[in-house]
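Visitor: I'm new to protein structures. Could you walk me through this one, question by question?

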Amino acid sequence: MLHEMSLNINGETYPVVVKSHDTLVRVLREQLGLTGTKVGCGNGECGACTVLFDGAPVNSCMVLAVEAQGHRIETVEGLSQGGDLHPLQKAFVEHNAVQCGFCTSGMLMSAKALLERNSHPTEQEVREALVGNLCRCTGYIRIVDAVLDVAEAGS
Amino acid sequence: MKEQTSNPVGKSVPRVDAFEKVTGAAKYVDDMAFGPTLLYGKIVHSPVAHALIKKIDASKALALPGVKAVVTGQDSPTLLGLYLKDRYIYAYDRVRYVGESVAGVVAISEEIAEQAAKLVEVEYELLPPVFDPYEGAKPDAPLLHPDLGKYEVVNFIFPEPGTNVSEHFRLRKGRVSDAGVSDEVWAQCATIVEDQYTLPQIQHAPIETHIAVAQWNPDGQVTLWAASQSPFAQRDLLAQSLGIPHGNMRVISPYIGGGFGGKAGISIEANVVLMAKAVPGHPVKVRMTREEEFVATNVRQSLVAKYKIGCDKDGNLLAMDLAYYFGGGAYNDYGVNIARAAGYSCTGPYDVPNVKGDSYCVYTNHPIGSAMRGFGMPEIHWGLEQIMDRLAEAIGMDAADFKRQNCVRQGDTILTGMTMPNVDLPQCIDKVKEAIGWGRVSKPSAPHKRRGKGLAIMWKAPAMPPNPGSSAIVRFNEDATLNVYVSGQEIGQGAFTVAAQMAAEALGIPYEWVRVSANPVDTKYSPYEWQTVASRLTWSMGNAVKAAAEHARGQILDIVAKYWGEDPADLDIKNGVVISYKSEREQSLKKMVVYGLPNENFEGWQGGPIVGSGKFMPTYVTGLDPNTGQGARAVVHYTVGAQAVDLEVDTDTGQIEVLKIASAYDVGKAINPDLVMTQIEGGAVHGLSSAFEGMFFDAQGRLRNPSFVDYKLATSLDAPREIHGDIVETPLEDGPWGARGVGEHVMVQTAPAIANALYNALGVRFNHLPLSAEKVYLATHEGEELTCKA
Amino acid sequence: MRPFDYYRPETFEEAFRLLTLPDKRVMPLAGATDLIPMVRDEHWQPDVVVDVKGLPGMCDVVEMPEGLIVGAAVRMVELMHHPLVNSPRWNLLAQAAAAMGNEQVRNRATLGGNLCTASPAADSAPALLTLEAKAVIRGAAGERRVPITEFFLGPRKTALQKGELLIGVLIPAPPVGAVGTYVKLSRRKAGDLAIVGVAALAYPHDGGHVWCLALGAVAPTPIRASEAEAALNAGHDEATIEHATKCAFDACCPIDDIRASAEYRKAMVSRIARRAIEGVLAKLP
Ligand SMILES: Cc1cc2nc3c(=O)[nH]c(=O)nc-3n(C[C@H](O)[C@H](O)[C@H](O)COP(=O)(O)OP(=O)(O)OC[C@H]3O[C@@H](n4cnc5c(N)ncnc54)[C@H](O)[C@@H]3O)c2cc1C
Ligand code: FES
Ligand code: FES
């Protein structure tokens, strides 16, 4: 079954035609070319596909694209504004919080949502917020430090 | 260009790939566009562990609308392998593990391919399976590879046809025979520990699963896009196996979402190439689901290890009798060299006068065991590093002192007869002892908890053929920015960044002027690199980059020297400017590195676009005696290190919390200290995670936990809050600026360090990985009545 | 993923019409966190999915004289932060919601989906058992209420009939002074399914306390441990607690699975029950 609809992604409106069973990540990546969002399991377990859905992190492999109609979707591509990196992106670069980079987009989105609802998280809160984002490379420590750094700078 | 970092070697300059990765712009294979002619492939996997293939009927699959082709082993019974050609690309007459590729379906969409794959009917005649490597090595075990004697094999691997042993490495040193270490030596031992340790297969679990796209054009040009640590090795293997001229076989590999060895050598790529051959002109994409990644790509081998080790009353190691049975899985094309590496390094980082070591790679009906970070070393250190603690305890010595006393030192004649190159393991031990507060007892956070500390040391050599080569090209642009061409893969370790640092340093230009042109690596345009494995890039690729930069530098100095009428020996390049120490003249590199310089009075020009090339290949590794493992130089070098762990155990539940890991590694020279630290941190958590990971199979050889639901990686909450790292720098003779690799070493001994800490906390030893709260609990509550009424 | 059709009805009439489409396998869809993996792995093969999130009342939390009505499509993240759910009376449910999965999952997963999947390890179930909630079920024929103890029939089996929806749960307000604790043991610190989950609740009564204790992941369905409750109702001295945990242990009949052996689960039931009981005791005035 096809659905003609529009998606609001990073503030832009994209008219799309999707199949009922298309996941949001599939439409983002394969129809709209927004390939910054990654797929690591397709099963809700790794967080590589994390996007913000009305500001809240969700696994876009576990959301049907048709469900996204009328909601605000944010992806990694929308983070940097006007050529400037988002403070989280800057902090990830400065802290060497990136290795292979495959978890990075999802990590950034989870971190953004965290800081938006809690501008001064503790280390424990940061680690809890990132528990759904697996990273096989970094050991998490730099990622956590980068997020804490941005929180502190924001104070 | 705001910042200008001159002499970047040794400085923690930012990664060259970070910007692309934090913006989502970095392209991985699945992010590349292949246009409307793209087709999708799906592999039909064997549902049984060991069987003869009686019949394959693809007619129903082919009849499904949208299906373009089905390929099977009958189409092209081609053997494949890096060290031992023992694997058909698609199973030919027999399957040897659940997950083996039996057929490949190509269709216009992934859904249709998936559906069609289910319609391929295969008739199997079951054969008895072999799952345990120790049992499998016995002469009466069911044979997996009756043709073992006919397979093509490199000259340093020794299969035993008629058995399941695909490699048998023998190490004999001192007073030993094939029967064992001499009784007289054992008689001198004050204490002997004899025990068995085992490890299950585990998976690399990179967050990006395997993916490949192939296109076979009617004119014979074949292109493969793959998430690959080994584009050149894959080109070579494919060209050899499929009879494609190397020049027609092109492999393109962009960024990789984690490799850890799993994307080294070859796995599904050849299958995809054969699918593409069936639909000429169309690119065909195959991406592994996470479930397929677990069973149908590579895994780390399992191990059954038998140790008998003795020392005298003063704590001097006297003898080791070691037998390692690696569960190599169904095909050992790569795994044989892991058993070999475990054989020539079988003692671990210890100086032992009498050693009998036998390391076997054994075929089993499990997934294909292959390269994984550490390449045999995490496996053998698991038991070794616990037994060292047990010996120390038995003679009343501190475990760290015991290890320090016995560990290899520069100049030692080590087990293979080779002289130990320059490293400082005692210093690594001292550093981690200090960082962890060795000997100080910490207070548990609750009455039902226990604290414990443990320490383990390691060594590892790059395990490779004797002559793996690297090459590099540097090329200047008009504004004196420089492009560096390498084919070492950026798998997260920072290879591109150190390549840029070394090129800048060797040329005398700022780091910010360098661009790395290696994304993607393209065998059509990129210089040769053997593989991104063995922690060899910083050293080997680094040497090639340095040579290329020096080549370019030489050309520049010659031109300027001629222009000034000076001796090139008096000139230097500093911060992008050629200077003369003699005349104090200066010449900017800008423009001249492309346009050259005019002769005086404009009578002609000299110079021209500067391109430097460089190569490196170790030339000094010798063969080893097949009966004794002795030879002048078994390996290029060793990297060594120590790790210590501080943990807390909940005695009510058995839950383990690793609070801190301290590591110290001798990297020779940290080209980028912060990148070394990120390896140390990531490796410690990878090592920690691996201690709790296991692939669990049922009695039919089917994997019971093929997803992250039940194959658990450490999360941000499981990782220790504190990871301390110390970098020791004892320069390597032939390393660029003294550097040697450290990518794998950082996880080798984490599991035994944890086990030693558990012993310290609980007084209980664990011989079998994985660890779990359940295991700890049951081991500490033996005899508890657990029958309930319901 | 196997194709299916998606509908998002806004009335119950339309929903029930869709749910009873002839010759179609139709499944309700809420947060999809169980449904998508199950469809991906082809354990479930719906031809049609009916999104229940647009139905009236499904996403609401309202206080009624009989108790709190939580719509079936209310998400875990909402349970965690909703002022009524998070009030002293029903806070146990908020604790259970917080123990579930990870942030991304809690932002999608619904209470109804958790109950309808009927996993023995469902984290919301023990809390609802101790709170003596009722499942509010609606079908074309009307509405019925089923005590949560009777809602679960076995692993992945519920009292729902074909064409029926769970529209919410009714949670009576426990007596004033009630406090509860949910304790979950799993292989990893978070983001993992329960090996054992225990909810405990107590409220003052007649100078003593009345206890409710429920166990998850140790039997084919989540269960109440009534003997343990009876023991605790008599007092909270160490010997009684010990006896109560033994009763909880005797109430369970776990299986071996990939996450834990039956043996370990049994050993942990009494340990985790003790933690839950002690957690409640620490909160009792
Ligand atoms: C990474 C991950 C971690 C998880 N961790 C946990 C955990 O720790 N604890 C835990 O308990 N669960 C866990 N789960 C499982 C799952 O998230 C929960 O069971 C969740 O509550 C299901 O809700 P849902 O809204 O997503 O259900 P859906 O997937 O939408 O539906 C689940 C089932 O219920 C049916 N259904 C849904 N709503 C209704 C209704 N109103 N009426 C009738 N039938 C209905 C559907 O048809 C389907 O059969 C986890 C899942 C993932 C992916
Ligand atoms: S890809 Fe969506 S959670 Fe892993
Ligand atoms: S950086 Fe590789 S998975 Fe996180």
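Visitor: Which residue of chain B does the side chain of A:R29 meet in a salt bridge?

Guide: Keep in mind that this is a predicted model, where local features need pLDDT of at least 70, side-chain atom pairs count only at pLDDT 80 or more, and totals for chains, interfaces and linings use all residues. Residues are numbered from 1 along each chain as its sequence is written, chains are lettered from A and ligands numbered from 1 in the order in which they are written, and side-chain values use heavy atoms, with hydrogens and water left out. A salt bridge here is a side-chain nitrogen of Lys or Arg within 4 Å of a carboxyl oxygen of Asp or Glu. At 2.7 Å from N to O, the partner of A:R29 is B:D31.

Visitor: How many salt bridges are there between chain A and chain B?

Guide: The pair A:R29 and B:D31 is a salt bridge between these chains. The count for chain A and chain B comes to 10 salt bridges.

Visitor: Which helix gives the most to the side of chain A that touches chain B?

Guide: Helices are DSSP runs (H or I, at least four residues) and strands are too (E, at least two), numbered from the N terminus. On chain A, α1 (24–31), α2 (87–94), α3 (104–117), α4 (123–129) and α5 (141–153) each supply at least two residues of the side that touches chain B. With 4 residues, the one that gives the most is α4(A).

Visitor: How much area do chain A and chain B bury between them?

Guide: Buried area is the accessible area (1.4 Å probe) that two parts lose on being put together, summed over both. A:N96, A:Q99 and A:R136 supply 20% of what chain A buries against chain B, more than any other three residues. Of the total, 53% is on carbon and sulfur atoms, and the total itself is about 4,000 Å².

Visitor: What about chain C and chain A: how many residues of chain A are in contact with chain C?

Guide: Contact means heavy atoms within 4.5 Å. Chain C brings 24 residues to this interface, and on chain A the number is 27.

Visitor: Which residue of chain C meets the side chain of A:R117 in a salt bridge?

Guide: Chain C and chain A have 3 salt bridges between them. In one of these, N and O are 3.0 Å apart, and A:R117 pairs with C:E103.

Visitor: What lies 2.5 Å from an oxygen atom of ligand 1 on the side chain of C:T33?

Guide: A polar contact is a pair of N or O atoms within 3.5 Å; within protein, one must be able to donate a hydrogen and the other to accept it, and residues adjacent in sequence count only if both atoms are side-chain atoms. For C:T33 at 2.5 Å, it's a polar side-chain atom.

Visitor: How much of ligand 1 does the protein bury?

Guide: Accessible areas come from the Shrake-Rupley method with a 1.4 Å probe; for residues, only the protein chains shown count as cover. Taken alone, ligand 1 exposes 970 Å², and the share buried by the protein is 95%.
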